[in-house]
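Hi,

Here is the structure I promised to send over.

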Amino acid sequence: MTSARRLDGYTLEDWERLEPAEGHRVELVDGRFVVSAAPAVAHQRVADRLCRLLDDAVADGGMEAVTAVGVRVAPGLGYIPDVVVCTELVETTTIEVELVALAVEVVSPSTARRDRLEKPAAFAAAGVPAFWRVEVGREGGPVIYCYRLDQGVYVEVVTLQAGAPGTVDVPGGGTVTFDPADLIGSRRPRH
């Protein structure tokens, strides 16, 4: 863990040297460390299930989907998206933004502003081809807003509603078809 006592001005290298703190997620925003609680189980369930779907969709193209990897977005800016589709297999704890084909954020009450506004703007500015935002607390189940980069900004291409399976293109990796309702609740058969 870094022993620096600065209040800001931290670098991506400082961020990468941090030792993971159990129960916390640390991101680097404008040279400051931003600490948030680790996601709740329901949040992580959605991210994990979506990651599996995406990973299956992109595997044939030599790509992979992973959860909670650090992305080096820009100097002084390092985010940990809930799911990232990488253009190649990764073996490191952080990756360069150029390797990201899709970033996904599952919105939490404590990070809603960053997930809805700040992160999509930063990923768009960095050239990430696609961004998905998953709103979990909606009546009827999750809603997934899928955006594609168009002339430096994200434009919505499809909204997936729980209870209505839909198909979405994954940049560089084909398509994925699923029902957002399958991302929540038990997967065990009821007897």
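**Leu 54 and the helix around it**

Leu 54 has a relative accessibility of 0%, so this residue counts as buried. Before going further, please keep in mind that this is a predicted model. Leu 54 sits in helix H2, and once residues up to four places away in sequence are set aside, its contacts are Ala 65, Val 83, Val 85, Leu 102, Val 104, Trp 132, Val 170 and Val 176. For a sense of how the chain comes back towards this spot, take Gly 172: that residue is 118 residues from Leu 54 along the chain, yet the two C-alpha atoms are separated by 12 Å.

What else in H2 is buried? Besides Leu 54, the helix buries His 43, Val 46, Ala 47, Arg 49, Leu 50, Cys 51 and Val 58. The cover over the buried residues of H2 includes strands S3 (64–67), S6 (83–86), S8 (100–106), S9 (130–135), S12 (166–170) and S13 (174–178). I also checked the length of the helix: H2 covers residues 41–58, and its 18 residues at 1.5 Å each should span 26 Å, which agrees with the 25 Å between its end C-alpha atoms.

**The overall picture**

Stepping back, the protein has three helices and 13 strands. Its C-alpha trace spans about 55 × 40 × 30 Å along the principal axes. How does the radius of gyration fit with a compact globule? For 191 residues such a globule would have a value near 16 Å, and the protein has 16 Å, so the two agree.

Of the 191 residues, 47% count as buried. If you take the contacts between residues at least 6 apart in sequence, 46% of them join residues at least 24 apart. The exposed surface comes to about 10,000 Å², with carbon and sulfur atoms supplying 50% of it.

How many salt bridges does the structure hold? The count is twelve. One of them joins the side chains of Glu 105 and Lys 119, at 3.2 Å from N to O. That pair links distant parts of the chain, with Glu 105 in strand S8 and Lys 119 in helix H3 (residues 112–125), 14 residues apart. Both Glu 105 and Lys 119 are buried.

Lys 119 has another partner in Asp 115, where the closest N and O atoms are 3.8 Å apart. Asp 115 and Lys 119 are four residues apart in helix H3, so about one helical turn separates them. Asp 115 counts as buried because its relative accessibility is 1%, and Lys 119 does so at 3%. These residues belong to a network of salt bridges that links Glu 27, Glu 105, Arg 114, Asp 115 and Lys 119.

A further salt bridge is formed by Glu 118 and Arg 113, with 3.4 Å between the closest N and O atoms. Are these two residues buried or exposed? Glu 118, at 27% relative accessibility, counts as partly exposed, while Arg 113, at 57%, counts as exposed.

Ile 144 is in strand S10 (residues 143–150) and, at 0% relative accessibility, counts as buried. Leaving out neighbours within four places in sequence, Ile 144 is in contact with Trp 132, Arg 133, Val 134, Val 158, Thr 159, Leu 160, Phe 178, Pro 180 and Leu 183. Val 170 lies 26 residues from Ile 144 along the chain, and their C-alpha atoms are separated by 14 Å.

Ala 68 is in the loop between S3 and strand S4 (70–74). With 37% relative accessibility, Ala 68 counts as partly exposed. Apart from neighbours within four places in sequence, its contacts are Arg 25, Ile 80, Pro 81 and Asp 82. Ala 68 and Tyr 79 are eleven residues apart in sequence, with 9.2 Å from C-alpha to C-alpha.

Val 157 lies in strand S11 (residues 153–161).

Cheers

Key. Residues numbered from 1 in each chain as written. Predicted model: local features only at pLDDT ≥ 70, side-chain atom pairs only at ≥ 80, totals over all residues. Heavy atoms only, no water. Helix = DSSP H or I, 4+ residues; strand = E, 2+ residues; numbered from the N terminus. Rg over C-alpha atoms; globule rule 2.2 N^0.38 Å. Buried < 20%, exposed > 50% of the residue type's maximum accessible area, 1.4 Å probe, protein only. Contact = heavy atoms within 4.5 Å. Areas by Shrake-Rupley, 256 points an atom, 1.4 Å probe, with all protein chains shown as cover. Expected span 1.5 Å × (residues − 1). Salt bridge = Lys/Arg side-chain N within 4 Å of Asp/Glu carboxyl O.
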